[in-house]
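I opened my notebook to look up a few things in this model. My entries follow the picture below.

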Amino acid sequence: LVRRRVDSRSGALTLVFNVVLAPSKSFKSVVWLEVRSEKQGVWRFPLRISVTEPQSDDILTIEAVGLNQESRLGFRLNSQAQHPVPFKAFFAHGSDPEISVHPTAGELMPASANGTLFQVAFKPTIYGKLRKAKLAIQTSSSQWTYDIHASLPSYSP
């Protein structure tokens, strides 16, 4: 409770709260704020919380070596805990299917164990525009997102 004010004319009570919310992943939920008076009155107010997708943590760029040839880009990610935590890695809807990630599930190792190595692969089958994907890596309490930009070598007939 930051401030409590009573209107002298109407007697209406205004309560001002300061709430800090710093989630590590997006979610939607309803929580209840319960206010109790000294005279045993109880008021319950629903609070709808909607945490949207964060901006990407990084942009990863990978260039193909040629058609039907796989290019790989590796990076390491650490558990925020001091122990391994289960994770899932997946691409958002609309991501280019010629971009893949390995592993797609497993344990995210802590920094003391050098983290977990992720490999993003790009294997184009036709020439065309810049390919894009959005990679998400999720644990039960955290989420990292990466924009993947995959380009092709210049075409020369």
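**Entry: a pair of side chains**

I looked up K134 and found it partly exposed, because its relative accessible area is 28%. I noted the cut-offs: buried is under 20% relative accessible area, exposed is over 50%, and partly exposed is in between, with a 1.4 Å probe and protein chains only. This is a predicted model, where local features need pLDDT of at least 70, side-chain atom pairs count only at pLDDT 80 or more, and totals for chains, interfaces and linings use all residues. Residues are numbered from 1 along each chain as its sequence is written, and side-chain values use heavy atoms, with hydrogens and water left out.

Which residue does K134 form a salt bridge with? I found D147, with the closest N and O atoms 2.9 Å apart. A salt bridge here is a side-chain nitrogen of Lys or Arg within 4 Å of a carboxyl oxygen of Asp or Glu. K134 is in strand β11 (residues 131-138) and D147 is in strand β12 (residues 143-151), so the pair ties together parts 13 residues apart in sequence. Strands (E, at least two residues) and helices (H or I, at least four) are DSSP runs, numbered from the N terminus. I put D147 down as partly exposed too, because its relative accessible area is 23%.

**Entry: a network**

By the same rule I get 5 salt bridges. E34, R36 and R44 are linked in a network of them. I looked at E34 with R36: their side chains meet at 2.8 Å, N to O. Then I took E34 with R44, where the N to O distance is 3.6 Å. This second pair links distant parts of the chain, with E34 in strand β3 and R44 in strand β4, 10 residues apart. Is R36 buried or exposed? I wrote exposed, because its relative accessibility is 59%. E34 is partly exposed, at 38%.

**Entry: the largest pocket**

I looked up the largest pocket next and found about 400 Å³ of space in it. Of its 15 lining residues, R4, L13, V35, R36 and S37 are the closest to the centre. β3 gives the most, with 4 residues. I sorted the lining into 8 nonpolar, 2 polar and 5 charged residues.

My note on the method: on a 1 Å grid over the protein atoms alone, a pocket is an open set of points with protein on both sides within 12 Å along at least five of seven lines, and lining residues have an atom within 4 Å of a point.

**Entry: a surface patch**

Which residues form a nonpolar patch on the surface? I found L1, F17 and V19, with about 340 Å² of accessible area together. Patch residues have over 30% relative accessible area and no salt bridge, and nonpolar side chains are joined within 5 Å. L1 sits in the segment before β1 (3-6). L1 counts as exposed because its relative accessibility is 63%.

**Entry: two distances**

I looked up I59 in strand β5 (residues 58-63). I59 is partly exposed, at 47% relative accessibility.

L73 is in strand β6 (residues 71-77). L73 is also partly exposed, at 24%. From L73 to V101 I count 28 residues in sequence and 9.5 Å in space, C-alpha to C-alpha.

Terms used:
Patch = residues over 30% accessible without salt bridge, like charges linked within 9 Å, V, L, I, M, F, W, Y side chains within 5 Å. Areas by Shrake-Rupley, 256 points an atom, 1.4 Å probe, with all protein chains shown as cover. 1 Å grid on protein atoms, 1.4 Å probe; cavity = no way out; pocket = protein on both sides within 12 Å on 5 of 7 lines; lining within 4 Å. Points joined across faces, edges and corners; volume = space filled by probe spheres on them. Nonpolar A, V, L, I, M, F, W, Y, C, P; charged D, E, K, R; others polar.
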